[in-house]
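Dear colleague,

Please find below the structure that I am handing over to you. My findings follow directly after it.

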Amino acid sequence: MKDFIIEINPSNDLVVMLNELRKTNPQMASLGLKQLYETGLMQSGIPFNNKDMIKRNYKILEKLFENDEKNNI
């Protein structure tokens, strides 16, 4: 398998928000980071197991909807 390099822009809004989220909700930040990583793989055409990404996507949506119900947003 070929070696790949991932570059992270620390000024990117999503990276900044993930850094803040990890301080208050590390579990959700971990889900977000993995989702962001695998989205980058997909955009680059790098093969990966997308079944894990899909499961994680549903889990993130569930958490979002739970939070939405609590805050009546």
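The notes below begin with the basis of the values, then turn to the chain as a whole and finally to individual residues.

This is a predicted model, in which local features need pLDDT of at least 70 and side-chain atom pairs count only at pLDDT 80 or more, while totals for chains, interfaces and linings use all residues. Residues are numbered from 1 along each chain as its sequence is written, and side-chain values use heavy atoms, with hydrogens and water left out.

Overall architecture

The protein chain holds three helices and zero strands; helices (H or I, at least four residues) and strands (E, at least two) are DSSP runs, numbered from the N terminus. Read from the N terminus, the order of elements is α-α-α. The radius of gyration of the protein chain is 14 Å, whereas a compact globule of 73 residues would have a value near 11 Å. That radius is taken over C-alpha atoms, and the globule rule is 2.2 Å times the number of residues to the power 0.38. Along the principal axes, the C-alpha atoms fill a box of roughly 45 × 30 × 15 Å.

Surface, burial and charge

The accessible surface of the protein chain is about 6400 Å², and 55% of it belongs to carbon and sulfur atoms; areas come from the Shrake-Rupley method with a 1.4 Å probe, and for residues only the protein chains shown count as cover. Of the 73 residues, 15% count as buried, a term that means under 20% relative accessible area, with exposed over 50% and partly exposed in between (1.4 Å probe, protein chains only). The 10 positive and 10 negative charges have mean positions 6 Å apart. Lys and Arg count as positive and Asp and Glu as negative, with His and the chain ends not counted; the place of a charge is NZ of Lys, CZ of Arg, CG of Asp or CD of Glu.

Of the contacts with a separation of 6 or more, 32% are between residues 24 or more positions apart; contact means heavy atoms within 4.5 Å. The contact lists below leave out neighbours up to four places away in sequence.

Arg 56 lies in helix α3 (residues 50-71) and is buried, at 11% relative accessible area. Its side chain makes a polar contact of 3.2 Å with that of Gln 35. A polar contact is a pair of N or O atoms within 3.5 Å; within protein, one must be able to donate a hydrogen and the other to accept it, and residues adjacent in sequence count only if both atoms are side-chain atoms. Arg 56 also touches Leu 31, Lys 34 and Glu 38.

Glu 38 belongs to helix α2 (residues 26-44) and is buried, with 12% relative accessibility. Its contacts are Phe 48, Asp 52, Met 53 and Arg 56.

Leu 31, also found in helix α2, is buried at 11% and is in contact with Arg 56, Lys 59 and Ile 60. Ile 60, in helix α3, touches Met 28, Leu 31, Gly 32 and Gln 35. The C-alpha atoms of Ile 60 and Met 28 are 7.6 Å apart, at a sequence separation of 32 residues.

Yours sincerely
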